[in-house]
Amino acid sequence: MRSQIADSPQLFDLKNVLASMPVDPDPTKWHACVFSKRFFSRQTGSWEQRKTGDPTKFTADKHGQVDMSGDQNVGRADADEGAESYMINFDYGWYDDKSGSWLHANHAEPNMKVYQSTLEYYSRPLRNFDRQVFSVAFARVTT
Amino acid sequence: MSLEQLIDRTVTLRGIAVDDAACAIVEVDDLGRNVYLVELASWGDNGGKRVEVTGTLRYRQIGRDAAPVAGAGDQLAVHGMVGKRYVLEGATWTLVA
């Protein structure tokens, strides 16, 4: 695995690739799942400060990777609603490789609705978020 | 008249169409407040345009409160929005000039 990563022009200089691989060395037992997260960049400071984003946070490095270690799932301060009101704090989307579409939801629990969307729609401009990342997770193949 | 005085009444409001992660919203003219059209997911190509909306105005929570997670350590983040919002139920809308 280490040599395969080192030989890959897409992977060799990315951080944490080897550490992110499943422990099981047999890749036929994995399934790679792509997902996305939308969120707001300024997650610390006062409510007043958190009305606006922070252009220095959660930006991609030269390889396109984003350090998510500071993500605390804190929503944007809702300036229209007054102090201590916060917008929806994040949105996950899951890529369905069979249909080429993205599955996401309406943020309501109960009465949750799941949407099947194009990437363009799932990523449409929303006042809540100013960042979007894409990630890969590994699921164990059981059938 | 403020929105608070119109709660539980059928109202017609004008403003700008904006998309929120919860649903389509209207930034109501002159009031500096947003009204959530919870039955409409998105304005689509009409985002940013002026609209007139009619429906029953409520003031309530949408979904669940997001739990405070800053400094929460290993606690799972709870997804949602904090605070009540003005909601327009049974809303209909049209574009206006």
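# Chat about a predicted two-chain model

Me: Which elements do I pass if I walk along chain B from the N terminus?
Reply: Starting at the N terminus, you pass β-β-β-β-β in chain B, and the count for that chain is accordingly given as 0 helices and 5 strands. Please keep in mind from the start that this is a predicted model.

Me: And what pattern does chain A follow?
Reply: Chain A reads α-α-β-β-β-β-α-β along its sequence, with 3 helices and 5 strands in total. Its C-alpha trace spans about 55 × 35 × 25 Å along the principal axes.

Me: How many residues does each chain have, and what share of them is buried?
Reply: Chain A has 143 residues, of which 34% are buried, while chain B has 97 residues, and there 40% count as buried.

Me: Switching topic to pockets: what volume does the largest pocket have?
Reply: The volume of the largest pocket is about 890 Å³. It is lined by 24 residues, and those closest to its centre are Q65(A), V66(A), F134(A), S135(A) and V136(A).

Me: Which element supplies the largest share of that lining?
Reply: That is strand 5 of chain A, which contributes 6 residues to the lining of the largest pocket. Helix 2 (17–20), strand 1 (30–39) and strand 5 (131–140) of chain A each supply at least two lining residues.

Me: How do the lining residues divide into nonpolar, polar and charged?
Reply: For the largest pocket, the lining holds 12 nonpolar, 7 polar and 5 charged residues.

Me: And the second largest pocket, what lines that one?
Reply: The second largest pocket, with a volume of about 330 Å³, has 18 lining residues, and nearest its centre lie N106(A), A108(A) and N111(A) together with V38(B) and I62(B). Its lining divides into 9 nonpolar, 5 polar and 4 charged residues.

Me: I clicked on N34(B). Where does it lie?
Reply: N34(B) belongs to strand 3 of chain B, which covers residues 34–37.

Me: Buried or exposed?
Reply: N34(B) counts as buried, because its relative accessibility is 1% and the cut-off for buried is under 20%.

Me: What does N34(B) touch?
Reply: Leaving aside residues up to four places away in sequence, N34(B) touches D78(A), D80(A), E81(A) and R127(A) in chain A, and I25(B), V26(B), E27(B) and Y86(B) in chain B. With D80(A) there is also a polar contact of 2.7 Å between the two side chains.

Me: New topic, aromatic rings: how many pairs are there over all chains?
Reply: A search of the whole structure gives 9 aromatic pairs. One of them is W30(A) with F138(A), whose ring centres are 5.5 Å apart and whose planes are at 65 degrees, so this pair is edge-to-face.

Me: Where in chain A do W30(A) and F138(A) lie?
Reply: W30(A) lies in strand 1 and F138(A) in strand 5, so the pair ties together parts of chain A that are 108 residues apart in sequence. W30(A) counts as buried at 15% relative accessibility, whereas F138(A), with a relative accessible area of 32%, is partly exposed.

Me: What about the rings of Y59(B) and Y86(B)?
Reply: The ring centres of Y59(B) and Y86(B) lie 4.6 Å apart with the planes at 45 degrees, so that pair is tilted. Y59(B) sits in strand 4 (residues 50–60) and Y86(B) in strand 5 (residues 85–95) of chain B, which makes a link between distant parts of the chain, 27 residues apart.

Me: Which of those two is buried and which is partly exposed?
Reply: Y86(B) counts as buried at 6% relative accessibility, while Y59(B) is partly exposed, with a relative accessible area of 36%.

Me: Which residues form an aromatic cluster?
Reply: Y95(A), W102(A), Y122(A) and F134(A) form one cluster of that kind.

Me: Last one: where is D97(A) found?
Reply: D97(A) is in the loop that runs between strand 2 (91–96) and strand 3 (101–105) of chain A, and at 43% relative accessibility it counts as partly exposed. From D97(A) to T118(A) the distance is 12 Å, C-alpha to C-alpha, and the two are 21 residues apart in sequence.

Key: Residues numbered from 1 in each chain as written. Chains lettered and ligands numbered in written order. Predicted model: local features only at pLDDT ≥ 70, side-chain atom pairs only at ≥ 80, totals over all residues. Heavy atoms only, no water. 1 Å grid on protein atoms, 1.4 Å probe; cavity = no way out; pocket = protein on both sides within 12 Å on 5 of 7 lines; lining within 4 Å. Points joined across faces, edges and corners; volume = space filled by probe spheres on them. Helix = DSSP H or I, 4+ residues; strand = E, 2+ residues; numbered from the N terminus. Nonpolar A, V, L, I, M, F, W, Y, C, P; charged D, E, K, R; others polar. Buried < 20%, exposed > 50% of the residue type's maximum accessible area, 1.4 Å probe, protein only. Polar contact = N/O pair within 3.5 Å; in protein donor to acceptor, adjacent residues only side chain to side chain. Contact = heavy atoms within 4.5 Å. Phe/Tyr/Trp six-rings, centres within 6.5 Å; stacked < 30°, edge-to-face > 60°.
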